[in-house]
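Please look over the sequence and the model shown here before reading on.

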Amino acid sequence: MAYSAEISRTHPSCFLFLIDQSGSMSDVFSKTNTSKSAAVADAINRMLQQLVIKCAKSEGVRDYYHVGVIGYGNGGAKPAFLGAIAGQNLVPISLIAKTPARVEQRTKKVSDGAGGLIETTVKFPIWFDAVNEGGTPMKEAFTTANDIIRNWLGQHPDCFPPVVMNFTDGESTDGDPLDEMRNLTSKASSDGNVILFNVHASVRSSNIISFCGAETTLPDQYAELLFNGASILPDFMKKVAKEEYQYSLPGDAKAFVLNGDIEMIVTAIEIGTRPANLLR
């Protein structure tokens, strides 16, 4: 059965995030003071922190995953990690745990035990920053992703398939990326094909479409491109969507979001980074 390979130190899997860093990502979500670029950066930095915790054992952080973040904008498509791991395409999670670029102090509201909320200070590791400048070279980003995933699969032919998540707010400015998307999702380990999420962010978020099937009418060709390039959600991800987020999804539901707000971006990351086969 596809997507059943065990994830372990000897058989790791990988996550690759493609982040639109174009100028329009500086736009601020309605009813918030947060830009699209900052929301995506915070969500992925938080996910990295949670992934470190998930892989932590008594003897240290086990390399169940290798993770990459590729930013695409004014400088083309390139690795977005900062600090000691800058310039690397995929980094083992134990090295990520050791090398945040910095640790910020953030405020967080928590329960006071009496039905109210109080603010507390928490440490928030930063591995990459929000950037928003230039155009949207999405085709180059997927060409880069294809090279990275090809190399990974060559070294890990029997792994739990890689998950690639693309976050964007605009049309590609360097040509049609659909062939590169399809090239990516045609790649496979012995356990199944690469899973591609296309997540579109909008400051208005007035008509969010998420994890829909082919029967859904999409508003334009750009939305259709992202939908057509995305993978069909595997059953284990549909299970997460149903049990934790109360989604009722069609059988052909795609790993696709249109007009996503901050909460939808976080939900997509949660669904996309929750393989059920992690060795405990």
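A residue is called buried when its relative accessible area is under 20%, exposed when it is over 50%, and partly exposed in between, with a 1.4 Å probe and protein chains only. By that rule Gln246, at 60% relative accessibility, counts as exposed.

This is a predicted model, in which local features need pLDDT of at least 70 and side-chain atom pairs count only at pLDDT 80 or more, while totals for chains, interfaces and linings use all residues. Residues are numbered from 1 along each chain as its sequence is written, and side-chain values use heavy atoms, with hydrogens and water left out.

**The whole chain**

The protein chain has 7 helices and 14 strands, where helices (H or I, at least four residues) and strands (E, at least two) are DSSP runs numbered from the N terminus. The radius of gyration of the protein chain is 18 Å, close to the 19 Å from the globule rule for 280 residues, so the chain is as compact as a globular protein of that length. Here the radius is taken over C-alpha atoms, and the globule rule is 2.2 Å times the number of residues to the power 0.38. Along the principal axes, the C-alpha atoms fill a box of roughly 50 × 45 × 40 Å.

Of the 280 residues in the protein chain, 52% are buried. A contact means heavy atoms within 4.5 Å, and among the contacts in the protein chain between residues at least 6 apart in sequence, 76% join residues at least 24 apart.

**Helix H5 and strand E14**

Helix H5 covers residues 221-229, and its buried residues are Tyr222, Ala223, Leu225, Leu226, Phe227 and Gly229. Among the elements that cover these buried residues are helix H3 (138-155), helix H4 (178-186) and strand E14 (256-260). At the start of H5, a side-chain oxygen of Asp220 reaches to within 3.2 Å of the backbone nitrogen of Tyr222. This can be read as a polar contact, which is a pair of N or O atoms within 3.5 Å; within protein, one must be able to donate a hydrogen and the other to accept it, and residues adjacent in sequence count only if both atoms are side-chain atoms.

Leu258 has its place in strand E14 and counts as buried at 4% relative accessibility. Leaving out residues up to four places away in sequence, Leu258 touches His200, Asn207, Ile208, Ile209, Pro219 and Ala223. Asn259 is also found in strand E14, and at 18% relative accessibility Asn259 counts as buried.

Most residues other than glycine have a negative phi. Asn259, although not a glycine, has a positive phi of about 60°, and Gln246, again not a glycine, has a positive phi of about 55°. Gln246 is found in the loop between H6 and E14.

Is Lys238 buried or exposed? Lys238 lies in helix H6, residues 235-245, and it is buried because its relative accessible area is 16%. The side chain of Lys238 reaches the backbone oxygen of Gly251 at 2.5 Å. Apart from neighbours within four places in sequence, Lys238 is in contact with Leu233, Leu249, Pro250, Gly251, Asp252 and Ala253. Asp235 also has its place in helix H6, but Asp235 is exposed, with a relative accessible area of 56%.

Ser13 lies in strand E1, residues 13-20, and counts as buried at 2% relative accessibility. A polar atom of the Ser13 side chain lies 3.5 Å from the backbone oxygen of Pro161. Not counting residues up to four places away in sequence, Ser13 touches residues including Ile7, Tyr64, His66, Trp152 and Pro162.

**Separation along the chain and in space**

| Pair | Apart in sequence | C-alpha to C-alpha distance |
|---|---|---|
| Lys238 and Pro250 | 12 residues | 9.3 Å |
| Asp235 and Thr32 | 203 residues | 34 Å |
| Leu258 and Cys55 | 203 residues | 31 Å |
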